[in-house]
Amino acid sequence: MTGDRSGAAPGSEAVVVAQGTFDILHPGHLHYLRDAKAMGDRLVVIVARSTNVTHKASPVVPGPQRREMVAGLDPVDEARLGHPEDIFAPIEELDPAVIALGYDQHHDAEAIRAALADRGIDCAVRRATAHEPDYEGLLSSGQIIDRVLDERG
Ligand SMILES: Cc1cc2nc3c(=O)[nH]c(=O)nc-3n(C[C@H](O)[C@H](O)[C@H](O)COP(=O)(O)O)c2cc1C
Ligand SMILES: Nc1ncnc2c1ncn2[C@@H]1O[C@H](COP(=O)(O)OP(=O)(O)OP(=O)(O)O)[C@@H](O)[C@H]1O
């Protein structure tokens, strides 16, 4: 992944924003965040509030704990719990050069680009790549939880 500093003022750090639920952490998250970090200079991760995760089962791990775990990952410069209502509030505050979407994230990149334009925010929207390890892994929080239920439930 090459960096995209087009949106950053000369001499300033290019901030990249990544985001997600990060319920049960796994190597796919690490890969996503490494990809995102490589797109700029400083990686800020917005951790979804549990109440905002409506497109799948609500996370089992509380938001503050999910945030703390993401903040401890090597590629991450800062992790914060997202805004309770307006997902673009942190974007307006951070003014990133890039928003990095996950390879399979349900967001529509064009819709995000349009929303950013409506708010006068100059920021690239890019997608990270999928993690393809050379081992049979459990690269999904949901699959990890399902495995636990099958084997320990
Ligand atoms: C540009 C952008 C900004 C976001 N900002 C917030 C936010 O402020 N608050 C929040 O709870 N979630 C925020 N989210 C996360 C979404 O709420 C959504 O739940 C999250 O993308 C879940 O993705 P996942 O299914 O890949 O974990 C944001 C997502 C995007 C793409
Ligand atoms: N295997 C993977 N390879 C690359 N990126 C991944 C992988 N798994 C998750 N991600 C990325 O991590 C971010 C956060 O994903 P999320 O928190 O929804 O985890 P998840 O494992 O995808 O959850 P679930 O599988 O339960 O929906 C998303 O942008 C997603 O695209």
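This note goes through the predicted model of one protein chain and two ligands in numbered points.

1. Conventions. The model is predicted, and local features need pLDDT of at least 70, side-chain atom pairs count only at pLDDT 80 or more, and totals for chains, interfaces and linings use all residues. Residues are numbered from 1 along each chain as its sequence is written, while chains are lettered from A and ligands numbered from 1 in the order in which they are written.

2. Overall build. The protein chain has five helices and five strands. Here helices (H or I, at least four residues) and strands (E, at least two) are DSSP runs, numbered from the N terminus. Read from the N terminus, their order is β-α-β-α-β-α-β-α-β-α. The radius of gyration, taken over C-alpha atoms, is 16 Å, close to the 15 Å that the globule rule gives for 153 residues, so the chain is as compact as a globular protein of that length. The globule rule is 2.2 Å times the number of residues to the power 0.38. Along its principal axes the C-alpha trace spans about 55 × 35 × 25 Å.

3. Of the 153 residues of the protein chain, 29% count as buried. A residue is buried if 20 or more other C-beta atoms lie within 10 Å of its own, exposed if 12 or fewer, and partly exposed in between, with C-beta atoms placed from the backbone. Two residues are in contact if their C-beta atoms, placed in that way, lie within 7 Å. Among contacts between residues at least 6 apart in sequence, 76% join residues at least 24 apart.

4. The nonpolar core. A nonpolar core is a set of buried Ala, Val, Leu, Ile, Met, Phe, Trp, Tyr and Cys residues joined through C-beta atoms within 7 Å. The largest one has 26 residues, of which V16, V17, A18, A36, L43, V45 and A100 touch the most other members. At least two residues of this core come from each of β1 (15–20), α1, β2 (42–47) and β4 (98–101). The largest share, five residues, is that of β2. As for V45, its contacts are A18, Q19, L33, V70, V76 and A79, not counting residues up to four places away in sequence.

5. Around ligand 1. A residue is near a molecule if its C-beta atom, placed from the backbone, lies within 6 Å of it. There are 20 residues around ligand 1, and T21, A48, N52, G82 and I87 come nearest. Two or more residues of this shell come from each of β1 and α3 (89–94), and α3 gives the most, with three residues. By type, the shell holds nine nonpolar, 10 polar and one charged residue. In this count Ala, Val, Leu, Ile, Met, Phe, Trp, Tyr, Cys and Pro are nonpolar, Asp, Glu, Lys and Arg are charged, and the others, Gly among them, are polar.

6. Around ligand 2. Here the shell has 19 residues, with G20, G28, G102, S140 and G142 nearest. The elements giving two or more residues to it are α1 (27–37) and α5 (141–152). The largest share, four residues, is from α1. The division is five nonpolar, 11 polar and three charged residues.

7. Annotated positions. An unreviewed UniProt entry places the feature "binding site" at T21, F22, H26, P27, G28, H29, D104 and H131. P27 touches H131, P133, G137 and L139, not counting residues up to four places away in sequence. H29 is also found in helix α1; with 23 C-beta neighbours inside 10 Å, H29 counts as buried.

8. Positive phi. F22 has a phi near 55°, a positive value in a residue other than glycine. F22 is in the loop between β1 and α1 and is buried, with 25 other C-beta atoms within 10 Å. D95 is not a glycine either, and has a positive phi of about 45°. The place of D95 is the loop between α3 and β4, and D95 is partly exposed, with 15 other C-beta atoms within 10 Å.

9. The unreviewed UniProt entry gives "domain: Cytidyltransferase-like" at residues 18–144. The end C-alpha atoms of residues 18–144 lie 22 Å apart, and the span is 31% helix and 17% strand.

How values were computed: UniProt positions are given in the numbering used here, feature names are shortened, and annotations may be inferred rather than shown by experiment.
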